[in-house]
Amino acid sequence: MPTQNFKGQKIWQRRTGRESLGHWIMWLIGVAIFAYCWQQISAVTTWFFVWDAPRIADDIWTRATPPRWGYITQLGEPIWDTLNMASLGTILSLILAVPVAFLAARNTTPSLLFIRPVALLIIVSTRSINSLIWALLLIAIIGPGVFAGVIAIAIRSIGFCAKLLYEAIEEIDQTQVEAITATGASRWQVMAYGIVPQILPAFAGIAVFRWDINIRESTVLGLVGAGGIGLQLSSSLNVLAWPQVSLILLVILAAVVISEWVSAKVRGAII
Amino acid sequence: MLRLEKLVKTYKTGDQALKAVELEVPAGQVLALIGPSGAGKSTLIRCINQLVEPTSGKIYLGDLELTGLSSGNLRRERRRMGMIFQEYALIERLSVMENVLSGRLGYVGFWRSFLRRFPQSDVDEAFRLLDRVGLAHMADKRADELSGGQRQRVGICRALIQNPALLLVDEPTASLDPKTSRQIMRLICELCKERDLAAIINIHDVALAQMFVQRVIGLRLGAVEFDGPPEGLTPEVLTTIYGEEDWEATIETVNEDEIEEALK
């Protein structure tokens, strides 16, 4: 009880004595753990490299500037590949994600006991593996190139899109579904009239949001051989062609900024 | 025309929403269903078109028994029962016209409805209905641009375009202001008379019910407590339905309202 009687006056405190003591102990333990971890990390850090870092960074900076502007002529095709990889991958993943989302949503799934867990498993498993790892696997299976990148992006995005979409499906206004059912509409008609119009804005938002993320992800897929601008980046890094690296980074930055702008515009138009 | 025999609904939670309700509605009769919240009014209406599956009992629409129909047959019978909702339940992002035409979904195939290629006769009927409720100029507006009263009119059109024999009306005026409430109730009752439709109207507002309907059913804890003409709703009857309260005011309001209406 934080309220105490003291000479007829009611004294109010946020915590009782025992509670504030517990609070202090919690803080003490927290600080102790932090100090211990700090010490552990320091022990295994080669401090020479850390102190050296500014000089190396400065060195790379001077080598990388100015960017080799002439190199841009060779970047047109890779960045186009990258954009295609992201766009096609997103479209493919949306096609696959829509049925999965309907099977996973509590109010549309045909079977809560059997089909819903399977759909949820698909969502979790595709989401839990990074697209870089998917790309590595797929390059081993279908060989290097843009196609492997498209598939990697698509698989990685299924879980993300399906999860957001099935949450949107579960949040729909059920009375609209009731109203359509009451007219004698069939199952598919109820879906087309009662459910789809309600989730369309969410669907469009998810699509551009994921496309935006995929452009960023697809820029690195080339590092493992899945084509696009990442391939150029990795070969430039390998030969320590720093002016080319800096130009590639600028191009990636521009692509990401543009995609961000496009998706913001699209989302603004929908809502 | 509609007959309920020993209709029982027990929810999974164990709540008995309806206790052996017996009810017969002749063709063309408009009746009001009153009762406190939780009395089972909504459940009763939803049991009739099987949006809620009754636990036991029988529902006859004409000669046909509705419980236990196959899903195809049930859909065919649902076309004969138009439903109007409290919160209108329009598809907000579709146009007024699409909302009205959605009442024909039971009659057209999936692809025709998906591509919005409804038969011309349906479109004609939709325009006629919209004109009847005074919304012909709104056909291309999106449903979420309309006011409450306008939305409910669209809801009424959607129910009527089904060409039903029975209207199931769930709290049509609960979200509307008093004036619009009366207009909507009047419209529903007029349309029922024009088309010789039977209707079951769930309603909270006892005074409003008394003003418009021929018969009142009082439901309490899932059982019929009162069945009679609106004049039969004495303070004693209202007490048995709703519990102890000063009912004189409610009944007096009716008279004042009627005078007010007469003066207009």
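Q: How many bridges join strand β7 (residues 166-170) of chain B to β8(B), and do they run parallel or antiparallel?
A: Five bridges join them, and the two strands run parallel. Strands pair if DSSP finds at least two bridges between them, and strands themselves are DSSP runs (E, at least two residues; helices are H or I, at least four), numbered from the N terminus. One bridge partner pair is Leu167(B) with Ala199(B) in β8(B). This is a predicted model, in which local features need pLDDT of at least 70 and side-chain atom pairs count only at pLDDT 80 or more, while totals for chains, interfaces and linings use all residues. Residues are numbered from 1 along each chain as its sequence is written, and chains are lettered from A and ligands numbered from 1 in the order in which they are written.

Q: Which residue stands opposite Val30(B) in β8(B)?
A: Ala199(B) does. Strand β3 (residues 30-34) of chain B is joined to β8(B) by four bridges, and these strands run parallel.

Q: Why is strand β8 (residues 198-202) of chain B called largely enclosed?
A: Because five of its five residues are buried. A residue is buried if 20 or more other C-beta atoms lie within 10 Å of its own, exposed if 12 or fewer, and partly exposed in between, with C-beta atoms placed from the backbone. Ala198(B), Ile200(B) and Asn202(B) cover one side, and Ala199(B) and Ile201(B) the other.

Q: Why is Thr65(A) called exposed?
A: Because Thr65(A) has 10 other C-beta atoms within 10 Å. Its place is in the loop between α2 (47-64) and α3 (76-104) of chain A.

Q: What is the angle between helix α4 (residues 115-128) and helix α6 (residues 146-170) of chain A?
A: They pack at about 130°, with axes 7 Å apart. That makes α4(A) oblique to α6(A): under 35 degrees counts as roughly parallel, over 145 as roughly antiparallel, 65 to 115 as roughly perpendicular and the rest as oblique. Angles run from 0 to 180 degrees between N-to-C directions, and axes are lines fitted to C-alpha atoms, for helices over the stretch in contact.

Q: What makes β2 (16-25) and β5 (64-65) of chain B stand at the edges?
A: The open sheet has the order β2-β1-β4-β5 (chain B), with antiparallel pairing. Each of β2(B) and β5(B) has a single partner strand, so one side of each is left without a neighbour in the sheet. Two bridges join β4 (residues 56-61) of chain B to β5(B), and Leu61(B) stands opposite Leu64(B).
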